[in-house]
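This briefing covers the pockets of one structure and the residues that line them.

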Amino acid sequence: MNKISIAYKTRTSLIKEVEKNQRIKLLEKQSFFKKMSFSKKEYADIYFHSGSLDSDSIANIKNAKKVIVNCKRLKDEILKKVNILDEKIEVIYPSVNLNYQKPKKIKEDLCKKFDIDSTPKIIYFTAKNLKTSGVKDFFDIIVSLNSMNKQIIISSTKNQITSLKFLISKYNFGGEVLLLEDYENENELFLAADIFILPTYNKSFATNILKAMYFKCAVFTTSVNHASELIDVFATMLKPSDPSTAFKVDALLSREEDLKLIQKANRKVAKKYELSKNINKLNSIIDNI
(Lines give C-alpha, C1' and ligand atoms only; values in the text may rest on other atoms or scores of the structure.)
Protein backbone atom coordinates (compact mmCIF):
# COMPACT_ATOMS: atom_id res chain seq x y z
CA MET A 1 0.00 0.00 0.00
CA ASN A 2 1.43 3.34 -1.09
CA LYS A 3 1.31 5.77 1.78
CA ILE A 4 0.23 9.42 1.47
CA SER A 5 2.83 11.78 2.93
CA ILE A 6 1.90 14.90 4.88
CA ALA A 7 3.79 17.95 6.11
CA TYR A 8 2.72 20.89 8.24
CA LYS A 9 3.87 23.91 10.22
CA THR A 10 1.49 23.53 13.16
CA ARG A 11 0.30 20.21 14.59
CA THR A 12 -3.42 20.66 15.09
CA SER A 13 -5.96 18.22 16.58
CA LEU A 14 -6.94 17.25 13.02
CA ILE A 15 -3.34 16.40 12.12
CA LYS A 16 -2.91 14.40 15.34
CA GLU A 17 -5.89 12.28 14.29
CA VAL A 18 -4.85 11.83 10.67
CA GLU A 19 -1.38 10.70 11.80
CA LYS A 20 -3.11 7.62 13.28
CA ASN A 21 -4.29 6.63 9.79
CA GLN A 22 -2.17 3.73 8.48
CA ARG A 23 -2.30 5.21 4.98
CA ILE A 24 -0.49 8.33 6.20
CA LYS A 25 3.19 8.95 6.79
CA LEU A 26 4.66 12.12 8.23
CA LEU A 27 7.35 13.69 6.10
CA GLU A 28 10.12 14.68 8.49
CA LYS A 29 11.73 18.09 8.11
CA GLN A 30 15.10 18.00 6.38
CA SER A 31 18.03 18.22 8.75
CA PHE A 32 20.73 20.83 8.24
CA PHE A 33 23.18 18.17 7.05
CA LYS A 34 20.74 16.72 4.57
CA LYS A 35 20.16 20.19 3.14
CA MET A 36 23.90 20.67 2.81
CA SER A 37 24.29 17.33 1.02
CA PHE A 38 22.34 18.78 -1.94
CA SER A 39 20.20 15.65 -2.13
CA LYS A 40 16.86 16.09 -3.84
CA LYS A 41 14.28 17.56 -1.46
CA GLU A 42 11.24 15.41 -0.86
CA TYR A 43 7.83 17.10 -0.79
CA ALA A 44 4.63 15.91 0.88
CA ASP A 45 1.53 14.84 -1.02
CA ILE A 46 -0.59 16.93 1.35
CA TYR A 47 0.77 20.15 2.81
CA PHE A 48 -1.06 21.89 5.66
CA HIS A 49 -0.24 25.58 5.27
CA SER A 50 -0.51 28.09 8.08
CA GLY A 51 1.20 31.35 9.00
CA SER A 52 3.32 33.43 6.65
CA LEU A 53 3.78 32.58 3.00
CA ASP A 54 7.59 32.31 2.94
CA SER A 55 9.79 30.71 0.27
CA ASP A 56 9.76 27.32 2.02
CA SER A 57 5.94 27.37 2.22
CA ILE A 58 5.67 28.30 -1.45
CA ALA A 59 7.93 25.40 -2.43
CA ASN A 60 5.81 22.98 -0.39
CA ILE A 61 2.62 24.38 -1.92
CA LYS A 62 3.88 24.11 -5.50
CA ASN A 63 5.03 20.52 -5.08
CA ALA A 64 2.10 19.16 -3.05
CA LYS A 65 -0.81 17.32 -4.63
CA LYS A 66 -3.20 19.02 -2.19
CA VAL A 67 -2.85 22.03 0.09
CA ILE A 68 -5.00 22.39 3.20
CA VAL A 69 -5.62 25.82 4.77
CA ASN A 70 -7.84 26.83 7.70
CA CYS A 71 -9.69 29.73 6.06
CA LYS A 72 -10.65 31.19 2.69
CA ARG A 73 -8.39 34.20 3.11
CA LEU A 74 -5.29 32.03 3.28
CA LYS A 75 -6.48 30.29 0.11
CA ASP A 76 -6.97 33.65 -1.62
CA GLU A 77 -3.52 34.82 -0.49
CA ILE A 78 -1.90 31.70 -1.96
CA LEU A 79 -3.77 32.03 -5.27
CA LYS A 80 -2.61 35.66 -5.60
CA LYS A 81 1.04 34.86 -4.94
CA VAL A 82 1.51 31.32 -6.25
CA ASN A 83 0.67 30.11 -9.75
CA ILE A 84 -1.43 27.04 -8.94
CA LEU A 85 -4.97 25.89 -9.69
CA ASP A 86 -7.82 26.83 -7.37
CA GLU A 87 -8.90 23.20 -6.94
CA LYS A 88 -5.50 22.25 -5.52
CA ILE A 89 -6.32 24.13 -2.29
CA GLU A 90 -8.94 22.88 0.18
CA VAL A 91 -10.31 24.86 3.12
CA ILE A 92 -10.85 22.96 6.38
CA TYR A 93 -11.67 25.30 9.24
CA PRO A 94 -10.12 24.60 12.67
CA SER A 95 -11.62 21.58 14.42
CA VAL A 96 -13.91 21.66 17.43
CA ASN A 97 -13.34 18.84 19.91
CA LEU A 98 -15.21 19.97 23.03
CA ASN A 99 -17.62 18.60 25.61
CA TYR A 100 -20.82 20.64 25.43
CA GLN A 101 -22.92 20.93 28.59
CA LYS A 102 -26.08 22.85 29.39
CA PRO A 103 -24.91 26.47 29.93
CA LYS A 104 -27.57 27.42 32.51
CA LYS A 105 -26.34 25.01 35.21
CA ILE A 106 -22.68 25.90 34.53
CA LYS A 107 -23.48 29.60 34.84
CA GLU A 108 -25.36 29.14 38.11
CA ASP A 109 -22.52 27.13 39.63
CA LEU A 110 -19.90 29.63 38.46
CA CYS A 111 -21.78 32.62 39.86
CA LYS A 112 -22.27 30.83 43.17
CA LYS A 113 -18.56 30.02 43.30
CA PHE A 114 -17.56 33.67 42.90
CA ASP A 115 -20.53 35.09 44.80
CA ILE A 116 -21.91 37.10 41.88
CA ASP A 117 -25.48 37.54 40.67
CA SER A 118 -26.45 34.98 38.02
CA THR A 119 -29.22 37.19 36.60
CA PRO A 120 -27.16 39.59 34.42
CA LYS A 121 -25.74 38.46 31.09
CA ILE A 122 -22.06 37.50 31.20
CA ILE A 123 -19.75 39.21 28.71
CA TYR A 124 -16.48 37.28 28.46
CA PHE A 125 -12.99 38.15 27.20
CA THR A 126 -9.89 35.97 27.20
CA ALA A 127 -6.61 35.71 25.30
CA LYS A 128 -3.01 34.61 25.76
CA ASN A 129 -1.88 38.14 24.92
CA LEU A 130 -4.51 40.58 26.19
CA LYS A 131 -2.92 43.67 24.64
CA THR A 132 -2.74 42.45 21.01
CA SER A 133 -6.16 40.87 21.42
CA GLY A 134 -7.63 44.31 22.08
CA VAL A 135 -8.27 44.43 25.83
CA LYS A 136 -8.19 48.25 25.88
CA ASP A 137 -10.76 48.34 23.09
CA PHE A 138 -12.79 45.76 25.02
CA PHE A 139 -12.83 48.08 28.05
CA ASP A 140 -13.85 51.02 25.87
CA ILE A 141 -16.79 48.96 24.58
CA ILE A 142 -17.84 48.01 28.12
CA VAL A 143 -17.64 51.64 29.29
CA SER A 144 -19.85 52.70 26.37
CA LEU A 145 -22.65 50.25 27.21
CA ASN A 146 -25.88 51.72 28.54
CA SER A 147 -27.35 48.45 29.77
CA MET A 148 -26.91 47.49 33.43
CA ASN A 149 -27.76 43.88 32.54
CA LYS A 150 -24.15 42.70 32.45
CA GLN A 151 -21.34 40.98 34.36
CA ILE A 152 -17.86 41.11 32.86
CA ILE A 153 -15.39 38.21 33.18
CA ILE A 154 -11.79 38.36 31.95
CA SER A 155 -9.44 35.40 32.23
CA SER A 156 -5.80 34.84 31.30
CA THR A 157 -2.46 33.89 32.84
CA LYS A 158 -1.34 35.36 36.14
CA ASN A 159 1.23 37.61 34.39
CA GLN A 160 -1.35 38.92 31.92
CA ILE A 161 -3.93 39.66 34.63
CA THR A 162 -1.31 41.33 36.85
CA SER A 163 -0.38 43.65 33.98
CA LEU A 164 -4.07 44.30 33.32
CA LYS A 165 -4.75 45.57 36.84
CA PHE A 166 -2.90 48.83 36.12
CA LEU A 167 -5.01 49.48 33.01
CA ILE A 168 -8.28 48.56 34.72
CA SER A 169 -7.60 51.04 37.53
CA LYS A 170 -8.21 53.84 34.99
CA TYR A 171 -11.82 52.68 34.57
CA ASN A 172 -14.55 52.92 37.19
CA PHE A 173 -15.95 49.40 36.88
CA GLY A 174 -16.57 48.68 40.55
CA GLY A 175 -17.56 45.05 41.04
CA GLU A 176 -18.76 44.69 37.47
CA VAL A 177 -15.52 43.05 36.28
CA LEU A 178 -14.27 39.68 37.56
CA LEU A 179 -10.60 38.95 36.81
CA LEU A 180 -9.53 35.30 36.85
CA GLU A 181 -5.90 34.10 36.83
CA ASP A 182 -4.93 30.70 35.39
CA TYR A 183 -8.50 29.42 35.64
CA GLU A 184 -8.35 25.64 35.54
CA ASN A 185 -11.36 24.91 33.35
CA GLU A 186 -11.67 27.70 30.81
CA ASN A 187 -14.45 25.83 28.99
CA GLU A 188 -16.70 26.54 31.99
CA LEU A 189 -16.24 30.25 31.40
CA PHE A 190 -17.23 29.95 27.74
CA LEU A 191 -20.26 27.86 28.68
CA ALA A 192 -21.35 30.35 31.35
CA ALA A 193 -20.89 33.35 29.05
CA ASP A 194 -23.67 34.86 26.96
CA ILE A 195 -21.52 37.16 24.80
CA PHE A 196 -17.85 36.82 23.80
CA ILE A 197 -16.06 39.89 22.46
CA LEU A 198 -12.59 39.74 20.89
CA PRO A 199 -11.55 43.08 19.32
CA THR A 200 -8.25 41.56 18.22
CA TYR A 201 -5.50 43.08 16.09
CA ASN A 202 -4.27 39.61 15.08
CA LYS A 203 -5.01 38.10 11.66
CA SER A 204 -4.51 34.41 12.51
CA PHE A 205 -7.72 32.47 13.02
CA ALA A 206 -8.84 33.02 16.63
CA THR A 207 -9.99 29.54 17.67
CA ASN A 208 -11.62 31.10 20.76
CA ILE A 209 -14.25 32.56 18.44
CA LEU A 210 -15.14 29.08 17.20
CA LYS A 211 -15.09 27.74 20.77
CA ALA A 212 -17.42 30.51 21.95
CA MET A 213 -19.80 29.80 19.06
CA TYR A 214 -19.81 26.07 19.88
CA PHE A 215 -20.58 26.86 23.51
CA LYS A 216 -23.57 28.95 22.39
CA CYS A 217 -22.25 32.51 22.82
CA ALA A 218 -23.05 35.50 20.70
CA VAL A 219 -19.64 36.64 19.40
CA PHE A 220 -18.03 39.81 18.09
CA THR A 221 -14.62 40.01 16.47
CA THR A 222 -12.72 42.19 14.02
CA SER A 223 -12.88 41.81 10.25
CA VAL A 224 -9.07 41.53 10.15
CA ASN A 225 -9.20 38.19 11.97
CA HIS A 226 -9.71 35.12 9.81
CA ALA A 227 -12.35 33.76 12.22
CA SER A 228 -14.67 36.55 11.06
CA GLU A 229 -15.38 34.39 7.98
CA LEU A 230 -17.69 32.31 10.17
CA ILE A 231 -19.75 35.13 11.65
CA ASP A 232 -22.34 37.43 10.10
CA VAL A 233 -22.01 41.13 9.29
CA PHE A 234 -23.82 42.14 12.50
CA ALA A 235 -21.10 40.52 14.62
CA THR A 236 -18.17 41.81 12.56
CA MET A 237 -16.20 44.77 13.88
CA LEU A 238 -14.65 46.94 11.16
CA LYS A 239 -11.76 47.65 13.55
CA PRO A 240 -11.04 47.04 17.27
CA SER A 241 -12.40 50.48 18.14
CA ASP A 242 -15.55 50.11 15.99
CA PRO A 243 -18.04 52.51 17.66
CA SER A 244 -21.05 50.45 16.54
CA THR A 245 -20.07 47.45 18.68
CA ALA A 246 -21.33 48.90 21.98
CA PHE A 247 -24.66 49.75 20.33
CA LYS A 248 -25.01 46.16 19.03
CA VAL A 249 -24.08 44.61 22.38
CA ASP A 250 -26.60 46.88 24.13
CA ALA A 251 -29.25 45.69 21.69
CA LEU A 252 -28.57 42.04 22.56
CA LEU A 253 -28.53 42.76 26.30
CA SER A 254 -31.99 44.30 26.05
CA ARG A 255 -33.52 41.81 23.62
CA GLU A 256 -33.43 38.27 25.00
CA GLU A 257 -35.07 36.74 21.92
CA ASP A 258 -32.47 38.21 19.55
CA LEU A 259 -29.61 37.06 21.77
CA LYS A 260 -30.95 33.49 21.91
CA LEU A 261 -31.48 33.45 18.15
CA ILE A 262 -27.84 34.41 17.51
CA GLN A 263 -26.53 31.99 20.14
CA LYS A 264 -28.39 29.07 18.56
CA ALA A 265 -27.28 30.06 15.05
CA ASN A 266 -23.63 30.27 16.18
CA ARG A 267 -23.70 26.82 17.71
CA LYS A 268 -25.23 25.41 14.54
CA VAL A 269 -22.38 26.89 12.47
CA ALA A 270 -19.66 25.71 14.87
CA LYS A 271 -21.01 22.13 14.93
CA LYS A 272 -20.13 21.86 11.23
CA TYR A 273 -16.47 21.85 12.23
CA GLU A 274 -16.52 19.13 14.87
CA LEU A 275 -13.35 17.06 14.70
CA SER A 276 -15.14 13.95 13.42
CA LYS A 277 -16.65 15.91 10.52
CA ASN A 278 -13.31 17.50 9.62
CA ILE A 279 -11.69 14.04 9.68
CA ASN A 280 -14.33 12.78 7.23
CA LYS A 281 -13.65 15.73 4.93
CA LEU A 282 -9.91 15.14 5.07
CA ASN A 283 -10.32 11.39 4.46
CA SER A 284 -12.38 12.21 1.38
CA ILE A 285 -9.51 14.41 0.11
CA ILE A 286 -7.01 11.60 0.80
CA ASP A 287 -9.20 9.08 -1.06
CA ASN A 288 -9.11 11.27 -4.18
CA ILE A 289 -5.34 11.76 -4.35
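By class, the lining of the largest pocket holds 13 nonpolar, 14 polar and 3 charged residues. Ala, Val, Leu, Ile, Met, Phe, Trp, Tyr, Cys and Pro count as nonpolar, Asp, Glu, Lys and Arg as charged, and the others, including Gly, as polar. The model is predicted: local features need pLDDT of at least 70 and side-chain atom pairs count only at pLDDT 80 or more, while totals for chains, interfaces and linings use all residues. Residues are numbered from 1 along each chain as its sequence is written, and side-chain values use heavy atoms, with hydrogens and water left out.

**Largest pocket**
- The volume of the largest pocket is about 820 Å³ (the space filled by probe spheres set on grid points, which are joined across faces, edges and corners).
- A pocket is an open set of points on a 1 Å grid over the protein atoms alone, where a 1.4 Å probe fits, with protein on both sides within 12 Å along at least five of seven lines; lining residues have an atom within 4 Å of a point.
- H9 supplies the largest share of this pocket's lining, 4 residues (helices are DSSP runs of H or I with at least four residues, strands are runs of E with at least two, and both are numbered from the N terminus).

**Second largest pocket**
- H9 gives the most, with 3 residues.
- The lining of the second largest pocket has 6 nonpolar, 13 polar and 4 charged residues.
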